[in-house]
Amino acid sequence: MSGRILVVGNGLAAHRLTARLAALGHDGPVTVLGDEPHPAYQRTLLGSVLAGGLPPGALTLPPPPAGVRVRTGLRALAIDRERRTVRCADGTRLDYDTLVLATGARPTGDVHTLADCARPVRGKVAVVGGGVLGVETATALRRRGHRVVLAHPGPYPMHHQLDEVSGLLVASRLESWGIELRLGAYVPSDDTLGADTVLRCTGTAPETTLAEMAGLTVRRGVVVDDRLRTSDPSIRAIGACTDTPDLVGAADLSGALAQAETLATLLTGGDASYTPAPPVVRPRVPGLDVVCLGRRGWAESDEVVTFSDPARGRYARIEITEQKVVRAVLVGMPEGIAAVSQLYDGGRPVPADRLALLLGLRAGAGAGGAGADPATLADEAVLCHCNNVSKGAVVRAWQDGARDVGAVAAATRATTGCGGCADAVRAVCAALRVPQGVA
């Protein structure tokens, strides 16, 4: 299926879309417009750059497929829906048969781009906002040697995702690393909290300016249906700028990538529909094992399983309906996080031995497969949550010649975030390794 495709936005969703279009045989021209001067990069690892653990160049994603034209540092100003053109800041007008809005989210704080991470940070740092980004930023700066105060209006960090017990455990862990917490109080814009540098990590909002100016239907984000169509059928939208069919707001990273996969299939003549990915929140902080699955406050569950071991910083609460995990929060239990996440991602039934499941014991695997060798997982199972790398992607990298963890990391970026998936990637590689003497 041919046709001119113009993509506005050069983030992860756009990068995945262009790669999948090429893989599925799209033979028409594809142009990508990016505001930033950089090639597409892994925004989810900005905390590692801020902490000094990764150089900025390490975040750069693989180059686009042949035939994809990427224009960086160029802003799209307006859409002419009647003529099917986009006017750019340099005065050019670009034609399209299909326009894809992948404009992402605009920050309401100070840490969102590579340029933000390059700004000088001196002395004591106040991080305002204790959501996921605030926690990641505060810990990154602490690892870099700064004195850090984290100010948050909630009773504990990440209070929208965590319950009280898990939230207090996270707060205790942050304090044990030397991060000063100021919780439960509004921080006025002129309050420096006694710091030399103030960074605001107060969230993002879907970037909908182009869509609104063009008269597309917008709620919180650009409204799309399950085929990623906006109110103009020649304009699609993917990623954090969208308002998704489940009516709960913009897609997260896994949802954005799933949207890109779906749209690539549709634009190359296939049949697909987007189903919102199950929500997963996992801070990318080495040494902080936390995961939140599902959304708090939804319908009551059939069963609630809790495990609390405050002396060792461990806690789990799992809500189960029809023998499947619908919501969960786990802290300090890496094996349990892996096992429960596998069940949740795959929609598989929970084994009868709930304690073994939480402790990540193989006895708890049962029919659901929790605690099983990662090599036995389905190809769509996510191994690396930082970079959204599936088991199938690791297998394909191995088949292409990446025969150890380092080579897989270079090919897929698995293990290059928090590093928590290294054992799983190693296990998959070991299972795939050819016998001695076989080419």
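Buried residues make up 49% of the 439 residues in this protein. The structure is a predicted model, and the exercises below work through several of its features.

**Exercise 1. The overall composition**

Determine how many helices and strands the protein has, and state what share of its contacts with a separation of 6 or more comes from residues 24 or more positions apart.

*Solution.*
Step 1. The secondary structure consists of 12 helices and 23 strands.
Step 2. Among contacts with a separation of 6 or more, 60% are between residues 24 or more positions apart.

**Exercise 2. A pair of helices**

Describe how helix α10 and helix α12 are placed relative to each other, and identify the residues through which they make contact.

*Solution.*
Step 1. Two packed helices are described by the angle between their axes and the distance between the axes.
Step 2. Helix α10 covers residues 391-399 and helix α12 covers residues 422-432; their axes come within 10 Å and cross at roughly 50 degrees.
Step 3. An angle counts as roughly parallel under 35 degrees and as roughly perpendicular from 65 to 115. The helices α10 and α12 are therefore oblique to each other.
Step 4. The crossing of α10 and α12 is right-handed. On the α10 side the contact is made by Lys-391, Val-394, Val-395 and Trp-398, and on the α12 side by Val-425, Val-428, Cys-429 and Leu-432.
Step 5. Sorted by class, the contact of α10 with α12 has seven nonpolar residues, no polar ones and one charged residue.
Step 6. Val-428, one of the contributors from α12, has a relative accessible area of 1% and is buried. The C-alpha atoms of Val-428 and Lys-391 are 7.8 Å apart, while the two residues are 37 residues apart in sequence.

**Exercise 3. Salt bridges**

State how many salt bridges are counted. Then examine the pairs Glu-180 with Arg-182, Arg-219 with Asp-243, and Glu-303 with Arg-354, and decide for each residue whether it is buried, partly exposed or exposed.

*Solution.*
Step 1. Side chains of opposite charge can pair when their charged atoms come close. With a cut-off of 4 Å between nitrogen and oxygen, the count comes to 21 salt bridges.
Step 2. For the accessibility of each residue, buried means under 20% relative accessible area and exposed means over 50%, with partly exposed in between.
Step 3. In the salt bridge of Glu-180 with Arg-182, the closest N and O atoms are 3.0 Å apart. Glu-180 has a relative accessible area of 33%, so it is partly exposed. Arg-182, at 34%, also counts as partly exposed.
Step 4. Arg-219 forms a salt bridge with Asp-243, with 3.3 Å between the closest N and O atoms. Arg-219 lies in the loop between α6 (209-213) and β14 (222-223), and Asp-243 lies in strand β16, so the pair ties together parts that are 24 residues apart in sequence. Arg-219 is partly exposed at 48%, whereas Asp-243 is buried at 4%.
Step 5. Glu-303 and Arg-354 meet in a salt bridge at 2.8 Å, N to O. This pair links distant parts of the chain, since Glu-303 is in strand β19 (residues 303-309) and Arg-354 is in helix α9 (residues 354-358), 51 residues apart. Glu-303 is partly exposed at 27%, and Arg-354 is buried at 17%.
Step 6. Salt bridges can also join into a network, as they do for Arg-4, Asp-95 and Asp-97.

**Exercise 4. Positive phi angles**

Locate Met-158 and Glu-322, give the phi angle of Met-158 and of Glu-322, and decide whether each residue is buried or exposed.

*Solution.*
Step 1. Met-158 is found in the loop between β10 (148-152) and α5 (164-176). Its phi is positive, about 55 degrees, although Met-158 is not a glycine.
Step 2. The relative accessibility of Met-158 is 2%, so this residue counts as buried.
Step 3. Glu-322 lies in the loop between β20 (314-321) and β21 (324-331). Glu-322 is likewise not a glycine, and has a positive phi of about 50 degrees.
Step 4. Glu-322 has a relative accessibility of 67%, and therefore counts as exposed.

**Exercise 5. Residues distant in sequence**

Describe the position of Ala-58 and its separation from Thr-416.

*Solution.*
Step 1. Ala-58 belongs to the loop between α2 (46-50) and β3 (68-72).
Step 2. At 28% relative accessibility, Ala-58 is partly exposed.
Step 3. Along the chain, Ala-58 and Thr-416 are 358 residues apart, yet their C-alpha atoms are separated by 9.3 Å.

How values were computed:
Residues are numbered from 1 along each chain as its sequence is written. This is a predicted model: local features need pLDDT of at least 70, side-chain atom pairs count only at pLDDT 80 or more; totals for chains, interfaces and linings use all residues. Side-chain values use heavy atoms; hydrogens and water are left out. Axes are lines fitted to C-alpha atoms, for helices over the stretch in contact, and angles run from 0 to 180 degrees between N-to-C directions. Helices (H or I, at least four residues) and strands (E, at least two) are DSSP runs, numbered from the N terminus. Angles under 35 degrees count as roughly parallel, over 145 as roughly antiparallel, 65 to 115 as roughly perpendicular and the rest as oblique. A crossing is left-handed if the near helix is turned anticlockwise from the far one by less than a right angle, and right-handed if clockwise. Contact means heavy atoms within 4.5 Å. Ala, Val, Leu, Ile, Met, Phe, Trp, Tyr, Cys and Pro count as nonpolar, Asp, Glu, Lys and Arg as charged, and the others, Gly among them, as polar. A salt bridge is a side-chain nitrogen of Lys or Arg within 4 Å of a carboxyl oxygen of Asp or Glu. Buried means under 20% relative accessible area, exposed over 50%, partly exposed in between (1.4 Å probe, protein chains only).
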